[in-house]
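User: I am new to this structure and would like to learn how to read it. Please guide me through its features in turn.

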Amino acid sequence: HDLTRLDFVKLDVEGNEERVIRGGYRTLQSCRPMILIEIHPVLLQRMGSSAEAIMTALRDLGYRLYSIDRERLVQLTVTPTDLTNILCLPESGLQR
């Protein structure tokens, strides 16, 4: 599908997040949506993936990654080891 606009994506696919990101690479690259993604290290490992692989894929697409800490965003500098929700914002801003 040739989407012309996509503003927000929520990914919670029980360990298949890396596959979804890689499969939607062109759409994510062209539309630059905000992404809310659940990182569950145990489920990722079962599916042959990892939090590090997801973070690398998103950063390669030009996203900055933030954990949601109570009522504020904290830029991620380390790989999460527990269940974590991550907000991914495109570095170049949102396409409108």
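User: In which strand is confidence lowest, and in which is it highest?

Analyst: This is a predicted model, and pLDDT expresses the predictor's confidence in each residue. Where pLDDT is low, the predicted coordinates should not be read in detail. Here the lowest confidence falls in strand β4 (residues 72-75), with a mean of 88, and the highest in strand β1 (residues 8-11), at 96. The average pLDDT of the protein chain is 89, and 95% of the residues score at least 70.

User: How many helices and strands does the protein chain have, and in what order do the elements run?

Analyst: The protein chain contains four helices and five strands. Read from the N terminus, the order is β-α-α-β-α-α-β-β-β. With a radius of gyration of 13 Å, close to the 12 Å that the globule rule gives for 96 residues, the protein chain is as compact as a globular protein of that length. Its C-alpha trace spans about 35 × 30 × 20 Å along the principal axes.

User: What share of the residues is buried, and what part of the accessible surface belongs to carbon and sulfur atoms?

Analyst: A residue counts as buried under 20% relative accessible area. By that cut-off, buried residues make up 39% of the 96 residues in the protein chain. The accessible surface comes to about 6,200 Å², and carbon and sulfur atoms account for 49% of it.

User: What percentage of the contacts join residues at least 24 apart?

Analyst: Among contacts between residues at least 6 apart in sequence, 68% join residues at least 24 apart.

User: How far apart are the mean positions of the positive and negative charges?

Analyst: The protein chain has 12 positive and 13 negative charges, and their mean positions lie 4 Å apart.

How values were computed. Residues numbered from 1 in each chain as written. Predicted model: local features only at pLDDT ≥ 70, side-chain atom pairs only at ≥ 80, totals over all residues. Heavy atoms only, no water. Helix = DSSP H or I, 4+ residues; strand = E, 2+ residues; numbered from the N terminus. Rg over C-alpha atoms; globule rule 2.2 N^0.38 Å. Buried < 20%, exposed > 50% of the residue type's maximum accessible area, 1.4 Å probe, protein only. Contact = heavy atoms within 4.5 Å. Areas by Shrake-Rupley, 256 points an atom, 1.4 Å probe, with all protein chains shown as cover. Lys, Arg positive; Asp, Glu negative; His and termini not counted. Charge placed at Lys NZ, Arg CZ, Asp CG, Glu CD. pLDDT = per-residue confidence, 0-100.
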